[in-house]
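Let's take a walk through a protein model together. Have the sequence and the 3D view ready, and turn the view as you read.

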Amino acid sequence: MSALRLIAWNEWRLIRRSAVARAALFMLLALSAIAAFTSIAHRDESDALRARFQAQADAEFDGQPARHPHRMVHYGHFVFRPLPALAAFDPGVDAFTGSAIFLEGHRQNSANFGDVRQSSLLARFGQLTPAFVLQVLGPLVLVFIGFGTIARERESGTLRFLKAQGIAARTLLAGKALAIGGIAALLLLPALLSLGWLVLAEQAPLSGALLLAACYTAYLAFWVAAVVAASAIARDARSALMALLGLWALTTILMPRIAPDIALAATPLQTRLETDIAIHEDLRRIGDSHNPDDRHFAAFKAATLARYGVTSVEDLPVNYRGLLAMEGERITAQLFGEYAADQSSRQRRQGALATGFGLLSPAIALRSASMALAGTDLDGHQRFLDQAEVYRYAIVQGLNRLQAEAVTYADDGSRNKDPEAARRVRIDPRHWHDVPDFTYRAAPLAERVQAAAPGMALLLFWLIAGVFTLRFAARRIAEAL
Amino acid sequence: MSLLRQELRLFLRQRIALPALLLMLVLSAASVAVGLAEIARQHDVIARIQPKQAQDEGTVAAWAGKEGDAGNAAYYTFHATWDTPSPMAFVALGQRDVAPFVLRVRALALEGQIHENETYNAELALPGRFDWAFVLTYLAPLLLIALLHDLFSSEREAGRAVLLAVMARSQRSLWLRRIALRAGLLLLALLVPFVVGAAVSGTPGSQAALVGAIAAAYLLLWTLVCLAVSRWRQSSLANAASLASAWLAITLVLPGLALLAINSAIPVQQGIELTLAQREAVHAGWDKPKAATMQAFLRDHPEWKDKAAFAGGFHWKWYYAFQHLGDRAVDSKVAAYRAGLEARDAWTRRTGWILPSVGLQVAIHRLAQTDLAAQIAYQDRIRAFHAALRRFYYPYIFSETPFREADFAKAPRWRG
């Protein structure tokens with residue numbers, strides 16, 4: 001044990017003396033701090049802005065004057081996706097997915113105004129967030145600091161000296177790994193502090209933060225193992241550096257970009273325009289309310305009349321136009337649901353395939369787990385879209401019901417000719433207050449962990465692979481000595 | 001010539017030379033293939049929507065043409081627009097994966113339609129696309145560093161530096177030959193797939209030459225960085241570490257900091273503000289006195305002042321008037337939003353003068369017409385098209401001319 005500690009201690013001393021290592025460490029810690037502060041500020045600001053817009057939209061909805069309920073169906077509502085606290089650590093896809101949706105009758109609009117479309121192409125260089133710093137830059141700093149840890153000893157001949165002192169190869173590697181691991185812990189520190197802040201000050205879930213910390217620890221632990229093993233196996237320090245830089249470029253820069261292309265080619269998506277046309281076509285096929293002889297709506301009329309035991313729509317105790325609107329909305333919403341489910345299942349398949357490339361790249365595995373735990377993955381956005389659609393359907397049908405119950409059929413029919421009827425169809429604005437406000441329900445932790453499970457499993461795989469590589473390196477060193 | 005052949009032989013004998021060159025060739029070829037496939041897909045989508053769109057218009061024409069109500073025709077007919085990728089787009093896919101390149105609009109208020117998003121998988125868009133511009137910006141310098149970091153130091157470390165200095169007729173031309181050979185071969189490996197891709201996609205020769213020149217300049221710049229670092233006379237190892245840190249700073253860290261600075265210096269939130277405001281303006285139209293609405297509309301369109309009168313509670317004239325006024329009400333917000341986006345873009349271009357990686361991306365995306373400016377230009381064309389649609393429908397609506405099935409074919413068509 002003391003030999004191990006001595007080796008680690010000695011390595012730290014060397015690192016402390018090296019100007020390059022000090023500069024690299026300082027740079028990364030500074031970047032981590034900048035990333036943490038700006039990311040938290042940006043999260044708070046965006047979330048506050050969205051909350052403000054949401055409050056404004058709610059107030060505007062409630063403040064509408066007396067109107068025909070169908071006017072309110074078209075006036076619609078805006079909902080905004082709040083940002084989870086952990087988005088300050090890993091904003092995930094937030095910049096890509098719009099945060100505002102306009103909800104109205106008969107139409108399903110997209111979520112708009114994502115940051116990426118509002119930014120220059122700089123946004124595609126990668127955003128400087130605590131997650132990005134650890135995922136991309138962290139391993140590189142470990143490579144710079146650690147590539148020579150054993151190779152240099154071999155080049156200068158001190159390795160044989162250690163052997164003469166009776167230090168086992170395993171102890172040597174463990175000591176070196178402990179030293180580089182200490183550096184990794186230092187790199188993690190700003191991220192852990194920012195996670196701690198998010199838990200204490202911004203009510204981020206503690207277990208989510210702990211799991212995130214565990215994932216990033218496992219990721220950096222893999223890189224520590226890789227760096228030490230490469231330094232032990234490579235012919236010289238330069239080969240170790242080249243091999244590690246190559247591994248980093250391949251797994252952290254190249255693979256994450258190639259994987260999406262393969263996933264996109266495997267499962268293509270329809271454009272919004274095509275989905276839109278397809279839904280219109282399906283609607284006409286199911287029931288065309290413009291067509292007086294349409295079979296679906298004729299049957300609907302007959303069934304309605306039979307239910308109320310009357311022979312004409314004028315005799316109904318409710319406004320038939322309202323009922324018609326409800327039936328129409330029911331059909332469209334069902335189609336929206338089907339098409340959205342299809343798109344989302346395709347995206348899920350794409351995502352699963354892309355995450356599968358985590359077998360070739362620990363960075364992909366970590367990114368997937370990290371976004372899922374932070375609640376900023378595509379699932380989180382899909383959840384918002386689903387809840388927005390449920391809300392849309394509820395308010396539209398509520399308003400259609402008002403049309404059926406609070407507006408008479410006679411008034412509704414003559415509202416454009418008779419000013420008195422036009423006045424009567426404008427119902428009391430207190431009804432708008434009765435519409436509940438939208439509240440987004442974030443995924444419970446269990447669901448997020450489930451979404452993060454593939455990424456976490458892959459990280460575990462990489463961690464084990466790292467340990468095995470270290471053991472292999474120890475055997476090689478033992479033979480060479 | 002024989003000297004050069006000799007150098008080539010020496011160079012290729014190095015352990016790292018051939019793998020690096022081959023890797024460059026493979027990466028460049030793969031990125032060109034991916035880019036071409038993506039652009040072909042985008043062309044396919046644009047071609048694919050035409051019959052669907054025609055059929056959709058046909059069904060609207062069938063029932064709305066029977067009634068002959070121009071208001072219905074304008075309300076229910078969606079008009080397709082699309083943004084055909086430029087021949088160069090395969091080089092830099094840019095924002096085309098996150099912004100729609102096909103969009104339908106109606107003659108209703110435009111601001112509620114033009115900001116619609118495309119459905120795309122955000123998780124896949126997040127890491128950025130694997131295109132040739134990416135290979136050039138990020139990977140080519142790394143491979144160049146691998147080839148050049150030990151140019152002088154390896155000779156020094158092998159103890160041949162002095163010998164070389166004595167034997168060479170001209171030291172200067174010796175090193176120039178070596179540098180030109182290494183950087184030149186790498187550039188060749190990078191450019192050959194690009195030239196093939198440019199030929200396949202029908203890129204004009206002058207544009208392709210410009211991109212080639214930009215790529216050469218970028219690699220030249222990195223060559224100079226490598227030479228500058230080697231002047232410190234460090235070991236090969238220290239050179240490699242210094243150059244890799246320079247690469248990290250120039251391609252990842254500094255652009256990230258620049259994005260942070262630009263986006264926080266120029267906040268852009270008018271997008272949401274303008275859609276919220278536009279909705280208020282449009283829907284307030286239902287409650288405002290109709291005469292006031294028509295008056296305001298006629299200030300914009302005096303040509304309809306003799307035909308603006310109507311009777312009854314609802315008329316399409318009034319409906320389309322307040323739709324238009326809803327757009328007009330947010331004119332200043334639209335301008336502010338656009339100014340914000342353009343300011344962000346302008347500052348990015350300025351950053352490009354300092355940061356070669358950013359400058360390169362800016363230049364190539366501009367040539368490929370896949371940047372923010374191209375996205376704004378597409379929106380401008382949609383605005384012009386929308387104005388043409390309104391001009392097309394207004395005579396029917398205001399003169400109360402029946403809109404028959406044959407009239408649908410007369411509507412303005414998008415020219416891609």
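This is a predicted model: local features need pLDDT of at least 70, side-chain atom pairs count only at pLDDT 80 or more; totals for chains, interfaces and linings use all residues.

Residues are numbered from 1 along each chain as its sequence is written, while chains are lettered from A and ligands numbered from 1 in the order in which they are written.

Let's begin with the sheet. Chain A has an open sheet of three strands in the order 1-2-3, with antiparallel pairing. Strand 1 (77-80) and strand 3 (107-112) of chain A are at the edges with a single partner strand each, so one side of each has no neighbour in the sheet. From one strand to the next, the twist averages 20°. Helices (H or I, at least four residues) and strands (E, at least two) are DSSP runs, numbered from the N terminus, and two strands pair if DSSP finds at least two bridges between them. In general, strands of a sheet pair through backbone hydrogen bonds, either parallel or antiparallel.

Now look at the pairs. Strand 1 of chain A is joined to strand 2 (residues 100-104) of chain A by four bridges in the antiparallel sense, and here Phe78(A) stands opposite Phe102(A). Helix 14 (residues 378-406) of chain A packs on the sheet and touches strand 1, strand 2 and strand 3 of chain A; contact means that C-beta atoms, placed from the backbone, lie within 7 Å. Strand 2 and strand 3 of chain A also pair in the antiparallel sense over four bridges, with Ala100(A) having Asn112(A) as its bridge partner. These two strands form a hairpin with two residues between them, and His106(A) in the turn has a positive phi of about 60°.

Next, a helix pair. How do helix 1 (residues 2-17) and helix 7 (residues 169-202) of chain A pack? They make an angle of about 45°, with their axes 8 Å apart. Axes are lines fitted to C-alpha atoms, for helices over the stretch in contact, and angles run from 0 to 180 degrees between N-to-C directions. The two helices of chain A are therefore oblique to each other: under 35 degrees counts as roughly parallel, over 145 as roughly antiparallel, 65 to 115 as roughly perpendicular and the rest as oblique. Among the residues making this contact are Ile7(A) and Trp12(A) of helix 1 and Gly175(A) and Ile183(A) of helix 7.

On to the cores. The largest nonpolar core has 212 residues, and Val228(A) and Leu186(B) are among those with the most contacts inside it. Its largest share, 18 residues, comes from helix 8 (residues 206-233) of chain A. Another core, of 25 residues, lies apart from it and includes Tyr75(A) and Phe438(A). A nonpolar core is a set of buried Ala, Val, Leu, Ile, Met, Phe, Trp, Tyr and Cys residues joined through C-beta atoms within 7 Å.

Where the chains meet, the contact takes 75 residues from chain B and 77 residues from chain A. Helix 10 (236-265) of chain B gives the most to the chain B side, with 16 residues.

Last stop: is Ser201(B) buried or exposed? Ser201(B) is buried, with 20 other C-beta atoms within 10 Å; buried means 20 or more such atoms, exposed 12 or fewer, and partly exposed in between, with C-beta atoms placed from the backbone. Ser201(B) and Pro87(B) are 114 residues apart in sequence, yet 5.4 Å apart in space, C-alpha to C-alpha.

Terms used. Two residues are in contact if their C-beta atoms, placed from the backbone, lie within 7 Å.
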